[in-house]
Amino acid sequence: MEGIINQIIRWNRERNGLDFNVDTEIKMLTEEVNEFFMAETKEDRLREAADFTFVWIGTVAKCLGGRCKDWESLMLRKDFFDGIREWVDVETKEMDEVLEEDGTYHLVPRVLEIVTKANFAKPKTKNVDGKVIKGDDCIDPIEEIKQILKEEGLC
């Protein structure tokens with residue numbers, strides 16, 4: 001069975017060929033962090049933590065695994081990665097602390113699998129910023145996440 005990281009990399013490869021755009025990556029990562037800290041329920045925080053992880057794995061794959069046109073492109077990626085990695089570490093630590101307080105931190109891997117499955121149901125259509133958009137048949141993983149919380153006695 002294909003591991004979750006490989007699934008996320010495949011999802012990114014199928015949707016954008018691992019094309020790397022600094023502005024798009026920063027926008028998506030920032031959006032996910034903001035959504036996490038604005039979330040009001042455990043299930044929303046779990047979903048947003050998984051979304052952030054999904055986007056971060058894709059960002060790393062595109063940054064380090066995509067093709068560079070020239071030396072300048074390679075150095076841009078290196079500088080971006082060095083800078084953003086510190087920010088991601090800080091944000092991840094803060095998110096982890098919130099999830100620990102919720103008692104849900106241990107569920108992130110399961111929720112990441114659910115979010116990944118839902119993302120595979122998205123079409124390959126992108127908006128003007130290069131972000132894959134949700135289609136009419138998009139699966140909202142929130143009910144499945146709520147069920148896990150219920151099973152765990154956390155809701």
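A pocket is an open set of grid points with protein on both sides within 12 Å along at least five of seven lines, and its lining residues have an atom within 4 Å of a point. In this predicted model, the largest pocket is lined by 34 residues. Glu32, Asn119, Lys122, Lys131 and Val132 are the lining residues that lie nearest its centre. The volume of the largest pocket comes to about 630 Å³. Helices α1 (4-16), α2 (22-38), α3 (42-65) and α5 (108-120) each contribute at least two residues to its lining. By class, that lining is made up of 16 charged, 12 nonpolar and 6 polar residues.

The second largest pocket has a volume of about 240 Å³. Its lining holds 14 residues, and those closest to the centre are Ala49, Thr53, Thr92, Asp96 and Val108. Here α3, α4 (71-102) and α5 each supply at least two lining residues. The lining of the second largest pocket divides into 11 nonpolar, 2 polar and 1 charged residues.

Which residues surround lysine 62, leaving aside its neighbours within four places in sequence? The contacts of lysine 62 are with Asn12, Asn16, Leu18, Asp19, Phe20, Glu25, Met28 and Arg77.

Key:
Residues numbered from 1 in each chain as written. Predicted model: local features only at pLDDT ≥ 70, side-chain atom pairs only at ≥ 80, totals over all residues. Heavy atoms only, no water. 1 Å grid on protein atoms, 1.4 Å probe; cavity = no way out; pocket = protein on both sides within 12 Å on 5 of 7 lines; lining within 4 Å. Points joined across faces, edges and corners; volume = space filled by probe spheres on them. Helix = DSSP H or I, 4+ residues; strand = E, 2+ residues; numbered from the N terminus. Nonpolar A, V, L, I, M, F, W, Y, C, P; charged D, E, K, R; others polar. Contact = heavy atoms within 4.5 Å.
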